[in-house]
Amino acid sequence: MAQQPEAGRRAPLNRERVLRAAIALADDGGIESLSMRKLAQELGVVPMALYKHVPNKEQLLDGMVDTVVARIDLPASGSGWKDVVRGRVLSARRVLLRHRWAAQVIESRTGPTPAVLEYLDSMIGTFRDGGFSVDLTHHAMHAMGSRLLGFSQELFDDSGSGGPNGDPSDGPKSDPNGDPNGGVEALAAGAAMAARYPRIAELAAGATHDGTSVVGARRCDDQFEFEFALDLILDGLERLHRRGWTSTSPPGAAGA
């Protein structure tokens, strides 16, 4: 019996298969490497075949976001609001760390996609079911910001190389072009930065983001910093909730 042609054995093209392939391409090469033509080649079809399932690139990206967000763990049953929120946020972070392009795409959307809306609605429900007022829930969602989806933007990065945009406490770096003065120049730039911004240099010298500890400081890495900030926010919200805080409370009452 003659073998079935390759095309006949190929799984039928559908939206789920298109989105899975697009996510895999973005995982491998970054979101910038993804194009409809490259996706069609990966699936072994002509580009026009994709448009039946994803009419354009923007809808492809929307679908990719929804597929990724749908992988965030559901709320743990029987847990209090604080544990549920913390668990889901950290689950979201694990998901986005597996798909590092996703945060950029989520931020680029002109509006929340259906899965993101469902996730946010569920989070709001967690606060409300935990006894939060609509007022405090509103401000909680603002305070949580992008952390609800497992990522955050830092004020500054102290993990870079020496020089004007790097860690002023770093030592000399070798010059990739073989310039024997390159390391000296980098050191001079770092010293100048430290002299002009001594408090930034002091802070940068106190901890690094590679998991090591400096000057007696505890380890400092992205995951630790994320959880540190998350717990600060959740603890603060818990305190406000217990006090029955509202946005019309007298100035300074939030910290009482």
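This is a predicted model: local features need pLDDT of at least 70, side-chain atom pairs count only at pLDDT 80 or more; totals for chains, interfaces and linings use all residues.

Angles from 65 to 115 degrees count as roughly perpendicular, so that is the word I use.

Which residues make the contact? From α2 there are Arg-15, Val-18, Leu-19, Ala-22, Ile-23 and Ala-26, and from α4 there are Gln-59, Leu-60, Gly-63, Met-64, Thr-67 and Val-68. By class, the residues of this contact are 8 nonpolar, 3 polar and 1 charged.

Now the core. The largest nonpolar core has 54 residues, and those touching the most other members are Leu-34, Leu-39, Leu-60, Met-64, Val-89 and Trp-101. Among the elements that give two or more residues to this core are α2 (15-29), α4 (57-69), α7 (114-129) and α8 (134-144).

Take Leu-34. Beyond its neighbours within four places in sequence, Leu-34 is in contact with Ala-22, Leu-25, Leu-39, Lys-57, Leu-60, Leu-61 and Met-64.

The second pair is α7 and α8. Their axes come within 10 Å and cross at roughly 135°, and the two helices are therefore oblique to each other. The crossing is right-handed. On the α7 side the contact is made by Leu-120, Met-123, Ile-124, Phe-127 and Arg-128, and on the α8 side by Val-134, Thr-137, Ala-140 and Met-141. Those residues divide into 7 nonpolar, 1 polar and 1 charged.

That is what I have.

Definitions and conventions:
Residues are numbered from 1 along each chain as its sequence is written. Side-chain values use heavy atoms; hydrogens and water are left out. A nonpolar core is a set of buried Ala, Val, Leu, Ile, Met, Phe, Trp, Tyr and Cys residues joined through side-chain atoms within 4.5 Å. Buried means under 20% relative accessible area, exposed over 50%, partly exposed in between (1.4 Å probe, protein chains only). Helices (H or I, at least four residues) and strands (E, at least two) are DSSP runs, numbered from the N terminus. Contact means heavy atoms within 4.5 Å. Ala, Val, Leu, Ile, Met, Phe, Trp, Tyr, Cys and Pro count as nonpolar, Asp, Glu, Lys and Arg as charged, and the others, Gly among them, as polar. Axes are lines fitted to C-alpha atoms, for helices over the stretch in contact, and angles run from 0 to 180 degrees between N-to-C directions. Angles under 35 degrees count as roughly parallel, over 145 as roughly antiparallel, 65 to 115 as roughly perpendicular and the rest as oblique. A crossing is left-handed if the near helix is turned anticlockwise from the far one by less than a right angle, and right-handed if clockwise.
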